[in-house]
Each structure stands twice: as structure tokens, then as C-alpha cells.
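Work through the following exercises with the sequence and the structure side by side. Try each task before you read its solution.

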Amino acid sequence: MVRASNPSPTPERAQSTLRQADIEKRLPRSAPDALRFEPGVFVQQTAHAQGSAYIRGLTGQQTLLLFDGIRLNTSTYRQGPNQYFFLVDTAIIDSIEVVRGGGATAYGADALGGVLLVNPLRPSPREGVFPSLSLRGATADTEMGGRIQTHVSLGEKGRLLLGTGARRAGLLRSGGPIYSFVDGKPPAVPRFAEDGKTQLGTGFVENTADIRWEYAPSPNTLWTLASVGYWQSDAPRTDQCPPALARFDECLRYERQDRLLTYATWRHQTPKHAMHATLSWQHQYEQRRNDRPASFVLQRDKDSIETLGSSFTWTFPWRLGSLRVGADAYVDFIHSTSSLRFTDVGVERPLSRGQYVSGSSYVTSAAFASNQWEYKTLSLNTGLRLGWQYAYAPGETHSGSTAVNQSWWPWAAHVGAAWQLHPSLALLASVDRSFRAPNLDDLTARQRTGPGFQFENPHLKPETSSSAELGLRLRKNRLRAEVWGFATRLDGLLLRMPRGAEACPPQSPACLASNARYQLVNAQGASWLLGTEAMLRLSPLRPLSLQASLSWVWGDSPNPALQAASSSGPPAGPSSSPSSGPRRMPLSRVPPLHGTVEANWQFPFGLQLGGGFRWALRQTRLALNDFSDVRIPLGGTPGFAVVDLRASYRFKEKLLLALVLENVFNSAYRYHGSSINGPGRSLSFRVDLAAF
């Protein structure tokens with residue numbers, strides 16, 4: 001059978017896999033939420049309808065998302081956490097493979113911190129038509145939703161999967177506010193309803209639809225045509241709804257947040273050869289609305305990104321092992337508009353540019369080769385990727401937007417080894433160089449961020465990571481254990497430089513109105529991430545399984561306030577004087593020491609009972625821009641410990657009943673850098689009915 005999924009990580013990589021069975025037990029609210037128990041992963045939430053996974057201290061545009069082998073990252077992914085992994089529906093996920101550490105050689109640009117490989121559900125191989133219904137809900141946000149899907153066999157060679165779903169979530173009730181351990185005060189966001197627990201600026205509506213057709217003319221060949229759509233609406237950005245220190249009725253919300261991915265793939269696989277070709281089209285659309293009633297102003301922004309993609313890989317044996325060669329290319333086309341409506345007079349005026357400059361485009365392309373060689377107890381994997389990236393943005397006079405016409409020829413390389421010291425013990429090591437060229441968001445965007453308003457810098461250079469990792473992997477009977485240590489050097493890392501109000505570009509009133517303003521600059525000097533990860537899976541008794549993880553990351557970088565001011569304007573504030581302040585500072589929003597524990601008891605008649613325990617220590621190591629970030633309490637984010645209880649019952653493939661009692665002790669907690677607190681004590685449920 002031809003394997004239809006992302007390319008698998010090589011044996012020496014630090015990796016873990018989340019499966020559909022894990023989603024059924026944990027009942028996550030989103031794809032990012034599903035990763036909370038994976039080693040080396042920390043999930044931040046800027047809003048109830050957003051989530052971003054930190055992998056080894058990096059997230060957003062510095063991690064890579066692949067769906068069925070197709071690149072989801074576009075040139076508008078912003079620095080720091082973003083919402084785009086939330087736009088992958090958990091109901092269509094068969095598994096998520098998490099590759100920790102630099103992965104640009106095998107998977108493409110942006111993979112400085114790691115890669116998330118999403119493998120979608122495939123049609124059932126059974127003959128006939130098999131409809132199914134799934135319902136889910138949660139009391140913390142009065143969530144209600146469901147999905148209908150149908151598996152259809154089309155003769156002996158064709159199969160079809162059709163699905164559609166919808167969900168509505170209301171205001172999210174937490175265990176209450178968290179408090180600074182410095183002054184005892186809560187952070188400025190979120191704001192709470194009168195009960196002191198319900199968080200304002202939360203809730204969302206989503207609709208999904210997908211179709212997947214597979215045709216296998218022979219056992220070695222598989223054609224796939226698929227389309228996956230996600231449409232989100234009425235989703236406030238919690239830290240801006242209302243903003244800190246603003247009136248209660250000000251709000252920035254995503255009126256629409258859409259993604260439609262359509263693609264065709266061809267796979268041919270024999271015992272020795274494997275070929276894979278893909279053509280894809282992705283449409284991403286955002287419509288944001290910012291209401292400021294006291295000023296009688298409503299601003300609406302619309303961004304549309306069209307991405308055409310293609311890739312080809314060929315794996316075959318040769319004298320030195322198994323060789324994999326290929327090439328890929330993705331082209332983004334940007335359309336962006338912005339307008340101001342003066343509500344007191346009913347007049348609407350278009351601005352000369354949107355968050356981006358319309359007519360911009362971006363190319364990400366590369367050719368690559370990797371080789372896997374095995375000799376007795378040693379496996380060696382090497383690879384090289386040569387890329388070409390090109391950014392274009394037209395100039396715009398009225399807004400003072402500088403034209404961008406830049407190209408880069410970055411390269412990535414990887415060498416890894418797995419040495420089987422004993423049948424149950426392996427020593428793993430790798431050295432990696434990965435790259436990320438500045439994208440259109442870095443070079444041209446004007447936008448609100450957690451720390452303040454950020455505007456463009458058209459003179460940025462690429463970021464690169466050079467990392468080394470060493471691990472031990474133990475697999476013996478019912479025991480699985482891993483421990484890893486890593487060090488990553490980041491050169492040219494993009495950091496937020498504080499700027500004064502006089503540096504604000506023309507036609508950007510939000511910049512002047514902001515309490516803090518920033519511009520991205522390349523760090524002058526090396527930044528570092530050091531860390532360790534450990535994972536344990538144990539089945540002391542056949543019905544009982546235990547799993548635990550532990551992760552720690554430490555990061556620092558040159559102090560951006562000490563860098564010479566560019567022509568865009570001087571740094572702002574006394575701490576940013578070139579003659580004062582520490583030479584190095586912590587990297588922004590690096591997760592604290594954290595870990596998880598899970599237990600599950602499987603009864604022979606389909607019943608499962610279990611629980612989960614999540615914890616994190618306080619994070620007091622703050623970057624320069626973290627001090628103006630209203631999401632972080634004064635002095636840092638307090639630690640937390642949360643207990644969940646789980647129960648599920650499955651009857652063959654016809655019925656699934658699952659319950660999760662979340663946050664049993666109703667703790668008030670927040671993941672570092674988030675705008676919202678985690679749900680308070682609540683009940684989540686899922687019911688699946690299938691005609692199998």
C-alpha cells in the first residue's frame with residue numbers, strides 16, 4: 001500500500017507523534033491545544049480562537065507547518081506567536097508528527113525551531129458507504145459543535161471521504177485572574193465580567209468542510225485530489241478587546257479568518273523506489289475590524305494571500321545507501337486594503353495601503369538531497385538544501401512605504417547518526433544548519449502586537465540557526481524513554497527594537513496612539529538557546545500505561561536597545577540608551593521549565609479511565625519588549641499545576657463516548673505569553689456514532 005503522508009523523520013531526530021487516539025482521550029479544543037502533552041512543546045494563546053506551539057523556544061514564523069507534505073507557512077506569518085495552526089481542524093487529523101530542532105534541510109525554510117507534520121484522515125478501505133456523526137461540547141465556553149462525514153468506496157480502486165463541521169464557542173470561564181508575584185496585581189488583559197472569572201474578548205464561530213478522493217490504479221500508485229476548508233468568524237483578539245487602559249467598548253476582532261487548501265498528489269512506491277509529486281493552491285483571507293466608539297472610528301483591514309505550490313521527491317537506492325532528491329517552489333501573491341469609517345458622519349475613507357502593500361509577492365524555492373546509510377548498528381543521515389527566496393513589494397508614496405526587491409540564496413545542511421549501543425539502547429546525535437529569510441511581514445507589515453505597534457524594516461537579512469543535539473533512546477519491553485540535550489546558535493535573529501513616536505511611518509495613526517513602538521532588526525551578534533528534554537512511557541501492567549515529559553529551555557540574545565539606531569528613527573526610552581543597560585537579555589517568551597504526566601487504564605470491554613497533570617514553573621526571564629507586553633504580569637508569569645480526569649468508552653467502531661473533567665481544582669493559570677487564562681473547572685464531551 002502506498003503511504004500517503006508527510007515524509008517521516010529520520011531515526012536520529014528528537015520527535016514524537018500525536019495520534020487520533022490521543023485526540024479522542026484528551027479532547028483538545030484545537031490543533032495547538034492537542035500538543036500540550038507532547039515533549040518539548042509549549043502552547044501559547046493570544047486569543048481564545050488562536051494558538052501557537054513553541055518548539056525549543058521558537059514559534060510562529062520560526063517553525064514550519066506541513067499538511068500532507070504541503071507547506072502551510074506563507075510570507076505573512078508574523079514574528080512570535082500566530083494563529084494559523086488553529087486553522088487546522090482536529091477532526092480531520094490522523095496524526096501529528098513533531099520534529100524538534102532545526103529541520104530546514106529535509107522540510108524547507110523557516111524550520112529553525114522544529115516542524116509540525118500533519119497527516120490527514122484517509123478514506124476507509126472498506127467496501128460500501130459509511131456515514132458517521134460526531135458531537136462535542138464543553139461547559140467552560142458553552143461550546144457546541146459537530147461533524148458529519150462519509151466514507152464511500154468507488155469500485156475496487158477509488159475511495160472518497162466527505163466531511164463538514166461547525167462549532168460555536170462563547171465567553172471562556174477561567175478559574176479567576178492570575179496575580180503578579182511582584183506587586184500582587186493582575187495583568188491588564190484579559191478583562192473579566194462581573195463574576196471575576198468569565199473572560200471578555202473570547203468566543204468564536206467556525207465552519208469546516210473537506211473532500212478527499214484517492215484512486216489506486218495499481219498497488220504501487222496512488223492519486224489523490226483533496227480540498228480542505230476552514231472558515232472562522234467573530235473571533236476577538238483578547239489582548240485588544242478591549243486593549244489595556246482603553247475603554248471597555250474598544251475591540252479588535254477577526255470578522256473572518258479563512259483558509260482553503262486544494263491540492264493534487266501522485267505517489268508511486270515500490271520496495272526500492274518512491275516518487276512523490278504535488279501541485280497545490282492555498283487561499284488565506286483575513287478581515288479584521290477595530291472599533292473605537294469614543295473616537296467615532298471604525299478601521300477595517302482585509303488581507304488575501306494566494307499561494308501556488310509544487311514539489312517533487314524521488315527516493316532510490318545507490319551504492320552509499322538510500323538517496324532522496326527533490327525540489328519545491330511556493331509563490332505568494334498579496335492583496336491588502338485598509339479603510340477608516342467615521343461613524344459620527346457615516347463617511348468611509350480608504351487608506352493608501354493595508355497591513356501589507358498590495359501587489360507584493362514572495363517566492364520560496366529550493367533543491368535538496370539527503371542520504372541515509374546503514375551499517376550494522378550504525379545509521380547515518382546527511383542532507384543539503386540550496387534555496388532561492390525572493391521578496392517584492394511596490395513602493396507607496398502616500399504611506400511612505402519603501403519598495404522591496406530582494407533575493408537570497410540560503411543553504412541548509414544536516415548530519416545525524418543513530419548508534420545502537422545495545423538492542424534496547426541507542427545513542428543519537430546530529431548537527432544542523434537551518435535558515436529563514438525575512439518574509440513580507442518582517443519587511444513591509446504595519447500591525448498591532450502584544451508589546452505594542454510594530455512597523456516595517458525593508459533592510460532585514462536572513463536568520464540562520466546552527467544546532468547540535470545529543471540523545472539517548474531506550475526501548476525495552478514495556479518501557480520507552482528518551483533524554484535530549486541541545487544547543488542552538490541563532491545568527492541574525494530578528495529582534496524588536498524600541499522606537500520613538502517620531503519614527504512612526506505616515507498614515508499609521510495606530511502607531512502614534514500606541515504606548516510602545518517597535519521595529520524588527522537583525523541582532524548584532526549571536527543568540528543562544530540551550531535546553532534539555534526527557535520523555536518516559538511505561539506500561540507496568542498490561543491495562544495501565546503511564547507517560548511523562550519534562551522540558552527546559554534557556555535563551556538569550558544581544559540587547560537590541562544597545563544597537564545603533566537605524567535611519568528609521570532613534571530608540572525610545574532611557575533603558576535603550578546605547579551607553580546603558582545589560583549587553584545581553586533573555587529571548588522573548590521562552591517557556592519556563594514545564595512538564596506533563598498522563599495515566600490511562602484500558603479495560604477489556606472498551607472502557608478507559610485516566611487523567612493528565614500539567615505544570616510549569618514561573619517565568620521571570622523577560623526580554624526587553626516583554627516589559628511592555630500587557631499579557632505578562634509585572635515580573636513574569638506565575639507557575640501552575642492543573643489536573644484533568646478522563647473517561648471514554650468505545651464499542652467497536654460504532655460508538656465513542658468520551659468525557660474530560662478539566663482543571664479539577666479550578667486553578668487560575670496561564671501559559672507564559674498568553675492573553676487568556678486556561679479554562680476553569682469544566683466538563684468536555686464527545687460522542688461519535690458511525691455506521692461501520
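**Exercise 1.** Find what joins Cys504 to Cys511, and state whether both residues are buried or exposed.

*Solution.* Begin with the sulfur atoms: Cys504 and Cys511 are joined by a disulfide (a pair of cysteine sulfur atoms within 2.5 Å), with an S to S distance of 2.0 Å. In general, a disulfide is a covalent bond between the sulfur atoms of two cysteines. Next, look at the S-S bond, where a value of -80° goes with a left-handed link of Cys504 and Cys511. Finally, turn to accessibility: both Cys504 and Cys511 are buried, where buried means under 20% relative accessible area, exposed over 50%, and partly exposed in between (1.4 Å probe, protein chains only).

The model is predicted, so local features need pLDDT of at least 70 and side-chain atom pairs count only at pLDDT 80 or more, while totals for chains, interfaces and linings use all residues. Residues are numbered from 1 along each chain as its sequence is written, and side-chain values use heavy atoms, with hydrogens and water left out.

**Exercise 2.** Determine how many disulfides there are by this rule, and describe the link of Cys241 and Cys251.

*Solution.* The count comes to two disulfides. In the disulfide of Cys241 and Cys251, the sulfur atoms lie 1.9 Å apart. The torsion about the S-S bond of this pair is about -95°, so the disulfide is left-handed. The pair links distant parts of the chain, ten residues apart, with Cys241 in the loop between β14 (221-236) and β15 (251-269), and Cys251 in strand β15; strands (E, at least two residues) are DSSP runs, numbered from the N terminus. Both Cys241 and Cys251 are buried. With bonded cysteines counted along the chain, the disulfides follow the pattern 1-2, 3-4.

Terms used:
Helices (H or I, at least four residues) and strands (E, at least two) are DSSP runs, numbered from the N terminus.
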